[in-house]
Amino acid sequence: MQKENLIKEKTFNFALAIIDLYKICKSQNEFILSKQLLRSGTSIGANVQEALAGFSEKDFLHKMSIASKEARETQYWIHLLSQSQLVKFDEIKYKEEIQSIVNILTSIVKTLQEKLKRKA
């Protein structure tokens, strides 16, 4: 349960940080990429919440896998915003946190996949 609680907290706090970044983007007149970032960045935590309420291990795995995919998409949008220089922001803070989230989600998904394979 420790990892789930950690990922729940991290993804919620990251969603708040993404909302702040979205506001920065809007203040610098960037409206397209930032909208994609807002959607994927806040979706990570929503999928983690759904996973924690899952009714089976397979349901949990499915939702955590979606959260992992959303996290990787968010990584892409952060990288694109950074490299395009459309917006000035502290990219390192966001890149480090999303990498940490991706690592945790990957670990959760792989561990559960292995567990389910052993049960089969």
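1. Let's start with Glu50, which is partly exposed because its relative accessible area is 40%; here buried means under 20% relative accessible area, exposed over 50%, and partly exposed in between (1.4 Å probe, protein chains only). The side chain of Glu50 meets that of Lys63 in a salt bridge, 2.9 Å from N to O. A salt bridge is a side-chain nitrogen of Lys or Arg within 4 Å of a carboxyl oxygen of Asp or Glu. Since Glu50 lies in helix H2 and Lys63 in helix H3, the pair ties together parts that are 13 residues apart in sequence. Lys63 itself is buried, at 18% relative accessible area.

2. A word on how to read this: the model is predicted, so local features need pLDDT of at least 70 and side-chain atom pairs count only at pLDDT 80 or more, while totals for chains, interfaces and linings use all residues. Residues are numbered from 1 along each chain as its sequence is written, and side-chain values use heavy atoms, with hydrogens and water left out.

3. How many salt bridges does the structure hold? There are five. One of them joins Glu97 and Lys10, with 3.0 Å from N to O. Glu97 lies in helix H4 and Lys10 in helix H1, so this pair ties together parts 87 residues apart in sequence. Helices (H or I, at least four residues) are DSSP runs, numbered from the N terminus. Glu97 counts as partly exposed at 25% relative accessibility, whereas Lys10 is buried at 17%.

4. Lys115 and Glu57 form another salt bridge, their closest N and O atoms being 2.8 Å apart. Lys115 belongs to helix H4 and Glu57 to helix H3, so the pair ties together parts 58 residues apart in sequence. Glu57 is partly exposed, with a relative accessible area of 26%. Salt bridges that share partners join Glu57, Lys115 and Lys119 into one network.

5. Now for the inside. The largest nonpolar core has 31 residues, and Met64 and Leu105 touch the most other members. Such a core is a set of buried Ala, Val, Leu, Ile, Met, Phe, Trp, Tyr and Cys residues joined through side-chain atoms within 4.5 Å. Helices H1 (2-27), H2 (33-52), H3 (57-84) and H4 (91-119) each supply at least two of its residues. Which helix gives the most to this core? That is H4, with 10 residues.

6. Leaving aside neighbours within four places in sequence, Met64 is in contact (heavy atoms within 4.5 Å) with Ile7, Val48, Ala51, Leu105, Ile108 and Val109.

7. Two aromatic pairs are present. Tyr76 and Trp77 make an edge-to-face pair, 5.1 Å centre to centre with 70 degrees between the planes. Rings of Phe, Tyr and Trp (its six-membered ring) pair if their centres lie within 6.5 Å; planes under 30 degrees apart count as stacked, over 60 as edge-to-face and the rest as tilted. Tyr76 is partly exposed at 48%, while Trp77 counts as buried at 14%. Phe89 and Tyr94 form an edge-to-face pair too, at 5.9 Å and 65 degrees. Tyr94 counts as buried, at 4% relative accessibility.

8. Finally, the surface. Phe12, Leu16 and Ile19 form a nonpolar patch there, with about 270 Å² of accessible area together. Ile19 lies in helix H1 and counts as partly exposed at 33% relative accessibility. Patches are made of residues with over 30% relative accessible area and no salt bridge, with like charges joined within 9 Å and nonpolar side chains (Val, Leu, Ile, Met, Phe, Trp, Tyr) within 5 Å. Accessible areas come from the Shrake-Rupley method with a 1.4 Å probe; for residues, only the protein chains shown count as cover.
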